Protein chains: 2
Amino acid sequence: MAEASADRGRTTRQRLLGAAAALIAEAGWGGVSTRMVAERAGVAPGVVHYHFASLPDLLIAASTGVARAMLEELTARLAEQPDPETGVEWLLGELSRYTGTDPASLLIVEMYLAAARLPELRERLHELVADSRAQIASWLRDRGHAGDAEATAAVLVAAVDGLVLHRGLDPALDLTALAGPLRAMVRTDRTDRHEEGSGT
Amino acid sequence: MAEASADRGRTTRQRLLGAAAALIAEAGWGGVSTRMVAERAGVAPGVVHYHFASLPDLLIAASTGVARAMLEELTARLAEQPDPETGVEWLLGELSRYTGTDPASLLIVEMYLAAARLPELRERLHELVADSRAQIASWLRDRGHAGDAEATAAVLVAAVDGLVLHRGLDPALDLTALAGPLRAMVRTDRTDRHEEGSGT
DNA sequence: TACGGTTTTGGTCAATCGTCCAAGACGTTC
DNA sequence: GAACGTCTTGGACGATTGACCAAAACCGTA
């Protein structure tokens, strides 16, 4: 078989994915063209449609690949934190690395944007977010969070995305100063037990 | 003077703004063309560049206009709530009207994400958000929130935006089930007073 | 009726776009 | 060396884009 050719093809494919991810961050989802990707990857313009059925296909594969890696690492390291309170503190410190205008932040933002128009991307992104939410919820449960761990995790993940979004508007926003409210939220066990049930 | 002509112009301008806002939600920020807006507004294609310097100019004016009206009404009605706990409860109910796929949600989302590329839009949106944050913070202070009202307001607004974003990914997400964590957050006064200072 | 400022018209321009394809290049197998 | 599968090349196609402009239309005023 022509295994060497296939290898060459896989390398090219990876280069296309990398170039696409970088360009989404630089030019925006709608600002990426097949020719730009090809040039960045150092290949001829036509090669894009050999490896991918369409431009959106390429962009979806590229963005979800990067996002999955980022999210999985973040949730995994969060789960290593001993308790929710130091966890959110660590989380804010980690998020401070994202200014909202750096490539990673922009890629995430662009992906959320495009997800509103592309059902396939929306589905994949939904999976990623639901996954993180579930992992964080179980981490909260394991660490003695007696409130509704699912609800707390949902708000926490939403707050993280919202903060990244707001960071783009105002890079001066000091995330570490927001630990107070988040700490209060992750330990609802002793503070919010009067009228409603305690979760699932 | 030709006051009647000027009046006609103002009406056309308003129609362009309305058509642009609707189309941003329908087709996405990058999916709107001058010809689409003109057709929707019932005018000739060239009229867009008579009333606006460029297409981005039109889109920025249209989106910030709608967003300002929405945000101001939301924060004003939130400030009418008697205390933070019922306030966030009311807020979640209000947010439930936005499915994440309705025109209003889509417009807001598109605007946030376009702001990453357009400095002028970013600046205007930053003003709007900072304004809401400040108003909510002072409302929290007035209602006896002894924690860092600024920080709480920042997290609250970020969570709201994040939830709208996540709602687009998962319309089944039940916002009213998330009251617990938010309630815990808005009354940090009796629960988070040990090591750090109490606000500004 | 003729003039004035203002708005509207409909079309042109060069540029860019996604997609497609026939031809060539490469490395392996017979 | 010939045949083969795989990948790559560079250009072509029709469609769409933002911006622009000369000319026409409108309406109160003189």
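The UniProt annotation "DNA-binding region", taken from an unreviewed entry, covers residues 33-52 of chain A; UniProt positions follow the numbering used here, feature names are shortened, and annotations may be inferred rather than shown by experiment. In this predicted model, the span of residues 33-52 of chain A is 60% helix and 0% strand, and its end C-alpha atoms lie 13 Å apart. Helices (H or I, at least four residues) and strands (E, at least two) are DSSP runs, numbered from the N terminus.

Residues are numbered from 1 along each chain as its sequence is written, chains are lettered from A and ligands numbered from 1 in the order in which they are written. Local features need pLDDT of at least 70, side-chain atom pairs count only at pLDDT 80 or more, totals for chains, interfaces and linings use all residues, and side-chain values use heavy atoms, with hydrogens and water left out.

DNA strand D is surrounded by 22 residues, the closest being A:T12, A:Y50, A:H51, B:H49 and B:L55; a residue is near the strand if one of its heavy atoms lies within 4 Å of it. Of the atoms of DNA strand D that come within 4 Å of the protein, 62% belong to sugar and phosphate.

Phosphate oxygens of DNA strand D take part in polar contacts (pairs of N or O atoms within 3.5 Å). One lies 2.4 Å from a polar side-chain atom of A:Y50. From chain B, a polar backbone atom of B:L55 is 3.1 Å from a phosphate oxygen, and a backbone N or O atom of B:V32 lies 3.4 Å from a phosphate oxygen. Two or more residues each are given to the surface near DNA strand D by α1 (3-27) and α3 (48-51) of chain A and by α2 (34-41) of chain B. The largest share, five residues, comes from α1(A).

Notes:
A polar contact is a pair of N or O atoms within 3.5 Å; within protein, one must be able to donate a hydrogen and the other to accept it, and residues adjacent in sequence count only if both atoms are side-chain atoms.
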